[in-house]
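Take a walk through this model with the structure open beside you.

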Amino acid sequence: MSYRDLRSLTEMMRGLGYPRLISLENFRQPNFPLVVEMLLWLVKRFEPTADLPTELDTEQDRVILIRTVVQFMASKAHIKLNPKKLYQSDGYAVKELIKIARVLYSAMKINSGMEGEEDQDRNTLPTFDIGSKLSQLKQTRKLGTKITMKGATLYDLLGKEVDLRERRQAVLAKNLEIQEVEAGLKTSVKLVDGEIKKVQHNIENVAANEANLESKIEKKKVELERNQKRLATLKKVRPAFMDEYEKLEADLRKCYEEYMLRFRCLTFLEQQIEEFERVEQERMEERQTATKKILEKMKQDEAIKSMEGSSELHSDGEDLDETDDDDEDDDEEDDLLDMKQGQEEVQPRPGKSARNRPSGPAANRRLYGSMTGAGMEDDSLDSDSDMLLDDDSGDSEELEVNEMAAESLKNRKSAKVKMSVPAENSDDDF
């Protein structure tokens, strides 16, 4: 018995209108009169015309009363009760009483709910909801088909009742012979004896199997103990090669640490080399771009100066008759400039064959280039630019730039001389 069951029983009985107050302490000890009173009241609620015994003087009377109530509830209400628990009249009887009280209490609640719905229906207009009635309609249709089938089978059976009645009466009216009954009993006894022998044989086999299993279990236990002892001895004994193994393990750990250190250093150095090569490559690219810019600027200056020189030559074409005097004056001016610079001593005036030879520091300077005229100037500069793209130091690059500047100056002078020679020939021809 639990407190919850006892409380629910008291609430249900109070809701059903039981006249007596039921306390929670009534079922702490066996209380048979109270249980009988509650059973009789509940049975009267189910069937007011039920005839039940009321005598409780002897034990036989009490047993008859409990058995009658149990049979009545099983036949009328289809409620299965335990007569032993009801006869105990303690907390176990409370659970059995709850079974009867729950049915009555649920019926009362349904009835009260239906009355409340009827009152609401009276006060409000009726509403017809076919959707909510579809399940009921399907269930009704199934029940109708089932009733029809049951009625047909019942009609067929009633039609066979005439022949079956005659056979039944003939069998009942037939006198049983003692020999036939005795023979039937003997056969049944033999069958039962055979089944008993089979069961006993199985029992004997079970005992033998049990003994075999016990012997196997004992063997396994002994083997387990022996293996455990062997394991303990193996754990205590130290292998002969264990010292060497530990030494090699320590050496391996040191080698691994040294390997990791060298690997990290090697990786760092490779990274530094890559960074250095990248910086050098960028520096070389910057130098090449600077050299290209210088060459392009020199090309532009040479083109501008060549254009200016050609315009001056065309403007002075009318004074070609006085070229000899101008050449002599130019030679004298060159000699004066050479003396001022202190690069050479005073020399006699050169002839016309040596007029175009350079003097001073330019005479000792080594020049690079081709023997072509101004038309091939771009090609010579391109070849010189290829020479300058070699990977040299900063001083060699500056020297090459200076040499290129000197070469371009020499090319400009040679172009001017070549342009003046045909003019002199034209004057002579004229």
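Start with exposure: buried means under 20% relative accessible area, exposed means over 50%, and partly exposed lies in between, with a 1.4 Å probe and protein chains only. C265 has a relative accessible area of 40%, so it is partly exposed. C255 reaches 48% relative accessibility, so it too counts as partly exposed. A disulfide is a covalent bond between the sulfur atoms of two cysteines. Here the term is applied to a pair of cysteine sulfur atoms within 2.5 Å. The structure holds zero of them.

A word on the model itself. It is predicted, so local features need pLDDT of at least 70, side-chain atom pairs count only at pLDDT 80 or more, and totals for chains, interfaces and linings use all residues. Residues are numbered from 1 along each chain as its sequence is written, and side-chain values use heavy atoms, with hydrogens and water left out.

Now the charged pairs. Side chains of opposite charge can pair when their charged atoms come close. A salt bridge here is a side-chain nitrogen of Lys or Arg within 4 Å of a carboxyl oxygen of Asp or Glu. The count comes to ten.

Begin in helix α1, residues 3–16. Helices are DSSP runs of H or I with at least four residues, numbered from the N terminus. E11 and R14 form a salt bridge, with their closest N and O atoms 3.5 Å apart. Why are E11 and R14 separated by about one helical turn? Both sit in helix α1, and they are three residues apart. R14 counts as exposed because its relative accessibility is 52%. E11 is at 41%, so it counts as partly exposed.

Move on to helix α8, which spans residues 242–315. E275 and R278 meet there in a salt bridge of 2.1 Å, N to O. They are three residues apart in this helix, so about one helical turn separates them. E275 counts as partly exposed because its relative accessibility is 37%. R278 is partly exposed as well, at 40%. Which residues are linked with E275 in a network of salt bridges? The network joins E275, R278 and E282.

Helix α8 also holds E280 and R283, three residues apart, about one turn of the helix. Their salt bridge has its closest N and O atoms 3.4 Å apart. R283 has a relative accessible area of 38%, so it is partly exposed. E280 has 26% and is partly exposed.

Next, the rings. Rings of Phe, Tyr and Trp (its six-membered ring) pair if their centres lie within 6.5 Å; planes under 30 degrees apart count as stacked, over 60 as edge-to-face and the rest as tilted. The model has three aromatic pairs. One of them is F32 with Y87, an edge-to-face pair at 5.6 Å centre to centre with 65 degrees between the planes. F32 counts as buried because its relative accessibility is 14%. Y87 has a relative accessible area of 30%, so it is partly exposed.

Now look at the loops on either side of α4. H78 is in the loop between α3 (59–77) and α4 (83–88). H78 is not a glycine, yet it has a positive phi of about 55 degrees. Is H78 buried or exposed? Its relative accessible area is 69%, so H78 is exposed. S89 is in the loop between α4 and α5 (91–123). S89 is not a glycine either, and its phi is positive at about 60 degrees. S89 counts as buried because its relative accessibility is 1%.

Helix α5 contains E96. At 4% relative accessibility, E96 counts as buried. What does E96 touch, leaving aside neighbours within four places in sequence? E96 is in contact (heavy atoms within 4.5 Å) with K80, L81, N82, K85 and L86.

L176, V181 and L185 make a nonpolar patch of about 320 Å². Patches are made of residues with over 30% relative accessible area and no salt bridge; like charges are joined within 9 Å, and nonpolar side chains (Val, Leu, Ile, Met, Phe, Trp, Tyr) within 5 Å. Accessible areas come from the Shrake-Rupley method with a 1.4 Å probe, and for residues only the protein chains shown count as cover. L185 lies in helix α7, residues 178–236. L185 counts as exposed because its relative accessibility is 52%.

Terms used. Helices (H or I, at least four residues) and strands (E, at least two) are DSSP runs, numbered from the N terminus.
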